[in-house]
Amino acid sequence: MKYREAMRPGLGAGLSQALSALLTVLLLAPKPAAAQEKLQVVASLPVFAAIAEQLTGDLAEVVEIARGDEDPHFVQPRPSYAAIVGRADLFIATGLDLEMWAPTVIDRARNSAIVEGSPGHVVTYTGIKLLEVPETVSRAGGDVHAFGNPHIHTDPINAIIIARNILSGLRRVDPANAATYEANTHDFQDRVMRRLFGDQLVEMLGAETIFRLARNYEFWEFARNQTYQGKPLTEYLGGWLAEGAPFRGRRMACYHKNWSYFSARFQIECAAYMEPKPGIPPTPGHVRDVIEIMRNEHIPVLFAANYFSRAQVERVASRTGAVPIMVPLDVRGAEGVDTYFDLIDLWVSRLAETYATLDQPGDN
Ligand SMILES: [Zn+2]
């Protein structure tokens, strides 16, 4: 940061003088120094890194700590993580104690710029309407969702709020590039809205109107009750929500409460959970109960993040006739899932294909 500020010619300098000075610096600067000059952004999870990459482009070096195929609750802090966080200008995490390991890493990093409450610390859940918030904060029985459901990124509307929180952090630590970050955030929001609702609806209503309705969970009611040229607005849906039609209003069984925000957005309910409580591995007795519920209620899919036991998921699915679907919870959690868009594409397409097949005559 400081190095970059020093390189910038003063406003009072003549243009040609400034340009020649800049040219000299560019020609003489060794390549490693140019790399160090970039803003250092460290994210707890790949999804935040992926969103930060969209906002910063070439202006920052963005790294993540957790892998996309590991349980975000239970990442083992390694000494190398402290070294990474030690160099950070900006640190991004959910908050809500999802990253129970983050305080240890921050403590070891000894970097005052990114400690909680400092300008270089971004909490991504700010402004998100939290689901499953308990009346009293309690870890009774080992529940790891003590402050409400922390898997906020599973709803693309929340991805926009996450991006805005990251933007606030970028503005604080690198105000000189604020205009670029703002333009990139606007572009990211626009792409998310178009991918979620389709171009037609976004152009009819405006992205900000739909965003406000969706953020308050008022979109579906609005779209079903309002008409345009004699047809309800749902008829004009495109994007992920249109692709999700085969599973809208359906039920599935889930391993962990990973999908609550996805469920609320796409209208697919997790009707049973493999875990008796978030973070508590299933006991044989609980697994028997889940199998009974799935059989009795004809729940056709068992949806799980790919860091859970594939053998166990497949065993339960085979005993209930359900289709097991295992997906990465996070970006870079599987081959080809490199961006936030890839991640949601994968969840929506896997579920849509499966439920569409179930509905074929002759099946079931
Ligand atoms: Zn969880």
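Let's start with strands S1 and S3 (residues 90-93): they pair in the parallel sense over three bridges. Two strands count as paired if DSSP finds at least two bridges between them. Helices and strands here are DSSP runs, numbered from the N terminus: helices are H or I with at least four residues, strands are E with at least two. Within this pair, Val41 stands opposite Leu90 of S3.

A word on the source. This is a predicted model, where local features need pLDDT of at least 70, side-chain atom pairs count only at pLDDT 80 or more, and totals for chains, interfaces and linings use all residues. Residues are numbered from 1 along each chain as its sequence is written.

Now the other side of S1. Five bridges join S1 to strand S2 (residues 60-64), and the two run parallel. Gln40 has Glu61 as its bridge partner in S2. How does the chain cross from S1 to S2? The path goes through helix H4 (residues 46-56), and this β-α-β crossover is right-handed. Right-handed means that, with the strands pointing away from the viewer, the path from the first strand over the helix to the second runs clockwise.

Is S1 buried or exposed? Five of the five residues of S1 (residues 39-43) are buried, so the strand is largely enclosed by the rest of the structure. Buried means 20 or more other C-beta atoms within 10 Å of the residue's own; exposed means 12 or fewer; partly exposed lies in between, with C-beta atoms placed from the backbone. Both faces are covered: Leu39, Val41 and Ala43 are buried on one side, Gln40 and Val42 on the other.

Step back to the whole sheet. Four strands form an open sheet in the order S2-S1-S3-S4, with parallel pairing. S2 and strand S4 (121-123) stand at the edges with a single partner strand each, so one side of each has no neighbour in the sheet. On average, neighbouring strands are turned by 20 degrees against each other, direction ignored. Helix H7 packs on this sheet and touches S3 and S4; its direction makes about 165 degrees with that of S3. Axes are lines fitted to C-alpha atoms, for helices over the stretch in contact, and angles run from 0 to 180 degrees between N-to-C directions. Contact means C-beta atoms, placed from the backbone, within 7 Å.

H7 (residues 156-173) also packs against H4, at an angle of about 60 degrees, with the axes 10 Å apart. That makes H4 oblique to H7. The cut-offs: under 35 degrees is roughly parallel, over 145 roughly antiparallel, 65 to 115 roughly perpendicular, and the rest oblique. The crossing of H4 and H7 is right-handed.

Helix H14 (residues 284-296) and helix H15 (residues 310-320) have axes that come within 9 Å and cross at roughly 40 degrees. H14 and H15 are therefore oblique to each other. Their crossing is right-handed. Val316, Arg319 and Thr320 make the contact from H15, with Val287 and Met294 among the H14 residues.

Last, a backbone detail. Tyr217 is not a glycine, yet has a positive phi of about 60 degrees. Where is Tyr217 found? In the loop between helix H10 (207-215) and helix H11 (219-225). Tyr217 is partly exposed, with 14 other C-beta atoms within 10 Å.

Technical notes. Left-handed = near helix turned anticlockwise from the far one by under 90°. Contact = placed C-beta atoms within 7 Å.
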